Amino acid sequence: MLEPTQRLDEGALRALVPRVLAALVRRGEEFAAAEDALQEALLEALRVWPKHPPRDPGAWLATVATRRLVDARRSDAARRGREDRLLERREPEPAGIEPGDDTLFLLFCCCHPDLSPASQVALTLRAVGGLTTAEIADAFYVPEATMAQRISRAKRALRERRLDRPGDLAVVLRVLYLVYTAGHVGRVDLAGEAIRLARQLVLATEEPEARGLLALMLLNHARLPARFDPDGRIVTLDRQDRSLWDTREIAEGVRVLRSALALKRRGRYQIEAAIATLHDDAASPEETDWPQILAWYDDLVAFSNDPVRQDPAAVLGRAVAVGHVLGPKAGLRETDRMRAVLGERHRWHAVRGYLHELGGDLPAAAAAYAAAARRATNVAERDHLVRQAARARAPELRSVAPPRSSP
Amino acid sequence: MPKYLLLKHYRGGPEPYRPVPPMDDWAPEDVEAHMAFQRHVGELLRENGEYVDAQALTPARTWVRYGGPDAAPVTTDGPLPETSDLAAGWYMIDVESEERALELAAYVSSEPCPGGKPLYEWIDVREVMSGAPAHD
């Protein structure tokens, strides 16, 4: 715990949120009311702690939140004011909080299968991540009032549910991955937040897929510094400056993945992490081990009954790997088989553009990139695809070597 | 201060000042110059304290209406999907006057196209109604 003289940094304060909240809910408090009370206690802490730092911040928060809950029940405004003034001088009695598997317990609450994915994400970021409503609203570009309403509706929905049974870990993993993938657009570092939450989750469960997800996030996140140039333009894997990759994150990702694979229960996240490892391992695009990548994609696709519909990202990634191992024509034949289902998706056209370019057919590549650009739903991707099309049409490129890695 | 929407279109509007091929047919350096100008406009509006919002729209469009009780919504892609107006995106600005809005719209329209020449794109300028009653 912190020394009274030490300033409590934001990270440490946020780490306390799930522990204190779980302690309150376990004690029998209603989730929604406990979450409100804890938010009030956090505001109070920001006001009081700079002058009167607590000996045990977690216990302080639990006690103040408890008082808020009591107050809320009494709704006695005069008394509340008096207690506020008392708090500034006297530290509350410590209340017992246990770290244990609180994170897992709370994640199960927030990722309740009856909630919509948007609500699961918002509630997780607030109750487990400790972000404020304003920060979450900012991250998803919606007005704060909209996000506040989404969170309170989610809490209201939880009010009628039993929270004492184990939840669905697959839903938790999906929610964390949603947070991670949303993390590259907003002002709040959601990718970093997802990794932080996944780290906590891995401490709380032995499930190999939780480790697989953490490994996948780390291995992808490691390439983030190279993925955009200073003007915000997308840089594809084959053109990235690999010296910018975060080798510590890669090493950690590989370590986490090994520990997952050792448990001998493979799942989608572990396989995707294995593919990411093979990309991260290559010192240059030419050294990419495409046959191994293809083998992992074969495993990944085998997880779905109808992979083209259920897992388009996997079948398209596999088509690229086929293009590298068996040749661009074979890769294009793979994409032909998905045309009826994926032919209107921008990624299908982007992959075909890449495979055409790999085979040296630049006019076909340009047409496919342009078709992908018209269907893109993200400005950075759209701009990237327009550039790819223009580049493939530029006469001076016709003598230049084709790309060597995935699009 | 009044707010204005500076609307850009994929198609529709007055007769183009001169024909310009689609952007994926441009030389790569012309594409870069065009995109750099658009970033610059966003930064300029922010620095001036005139920026409210900027968004791009995908070209996919669906018209939809109420289908009646117990019926699914009715959808169509329009009577003339190839020729009807199609908005591409907007800047929303908060400025001193309509004159300033027109000035900024003209600047947006000067974005470079192939050969570094201005695009002369028509910009649709629309005033946003304010939510509160005026004080005067």
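Predicted model: local features only at pLDDT ≥ 70, side-chain atom pairs only at ≥ 80, totals over all residues.
Chain A is built from helices: its secondary structure comes to 22 helices and zero strands. Of its 407 residues, 43% count as buried. Among contacts in chain A between residues at least 6 apart in sequence, the share that joins residues at least 24 apart is 63%.

Two helix pairs of chain A can be followed in detail. Two packed helices are described by the angle between their axes and the distance between the axes. Take helix H10 (residues 190–204) and helix H11 (residues 208–221) of chain A: their axes come within 9 Å and cross at roughly 150°. Angles over 145 degrees count as roughly antiparallel, so H10(A) is roughly antiparallel to H11(A). The crossing of H10(A) with H11(A) is left-handed. On the H10(A) side, the contact is made by Ala191(A), Ala194(A), Ile195(A), Ala198(A), Arg199(A), Leu201(A) and Val202(A). H11(A) contributes Ala210(A), Arg211(A), Leu213(A), Leu214(A), Met217(A), Leu218(A) and His221(A). Sorted by class, the contact of H10(A) with H11(A) has eleven nonpolar, one polar and two charged residues.

The other pair consists of helix H2 (residues 31–48) and helix H8 (residues 144–159) of chain A, whose axes come within 8 Å and cross at roughly 140°. That angle makes H2(A) oblique to H8(A). Here Phe31(A), Ala32(A) and Glu35(A) in H2(A) meet Lys155(A), Arg156(A), Leu158(A) and Arg159(A) in H8(A). The residues of the contact of H2(A) with H8(A) divide into three nonpolar, no polar and four charged.

Most residues other than glycine have a negative phi. Tyr141(A), however, has a phi near 55°, a positive value in a residue other than glycine. Is Tyr141(A) buried or exposed? There are 11 other C-beta atoms within 10 Å of Tyr141(A), and a residue is exposed if that number is 12 or fewer, so Tyr141(A) is exposed.

Chain B also has a residue of this kind. Phi of Asp70(B) is near 60°, again a positive value in a residue other than glycine. Asp70(B) lies in the loop between strand E3 (63–65) and strand E4 (74–76) of chain B. Asp70(B) counts as exposed because it has 5 C-beta neighbours inside 10 Å.

Chain B also contains an open sheet of four strands, in the order E2-E5-E1-E6, with antiparallel pairing. Strands of a sheet pair through backbone hydrogen bonds, either parallel or antiparallel. The edges of this sheet are strand E2 (51–56) and strand E6 (124–128) of chain B, each of which pairs on one side only. From one strand to the next, the twist averages 20°.

Strand E5 (residues 86–94) of chain B is joined to E2(B) by five bridges, and the two run antiparallel. Within this pairing, Asp53(B) has Met92(B) in E5(B) as its bridge partner. Eight bridges join E5(B) to E1(B), and these strands also run antiparallel. Across that pairing, Leu7(B) stands opposite Trp90(B) in E5(B).

A helix also lies against the sheet. Helix H2 (residues 98–109) of chain B packs on the sheet and touches strand E1 (3–11), E5 and E6 of chain B. The direction of H2(B) makes about 30° with that of E1(B).

It remains to look at how the chains meet.

Terms used:
Residues numbered from 1 in each chain as written. Chains lettered and ligands numbered in written order. Pairing = 2+ DSSP bridges. Axes fitted to C-alpha atoms, helices over the stretch in contact; angles between N-to-C directions. Contact = placed C-beta atoms within 7 Å. Parallel < 35°, antiparallel > 145°, perpendicular 65-115°, else oblique. Nonpolar A, V, L, I, M, F, W, Y, C, P; charged D, E, K, R; others polar. Left-handed = near helix turned anticlockwise from the far one by under 90°. Buried ≥ 20, exposed ≤ 12 C-beta atoms within 10 Å, placed from the backbone.
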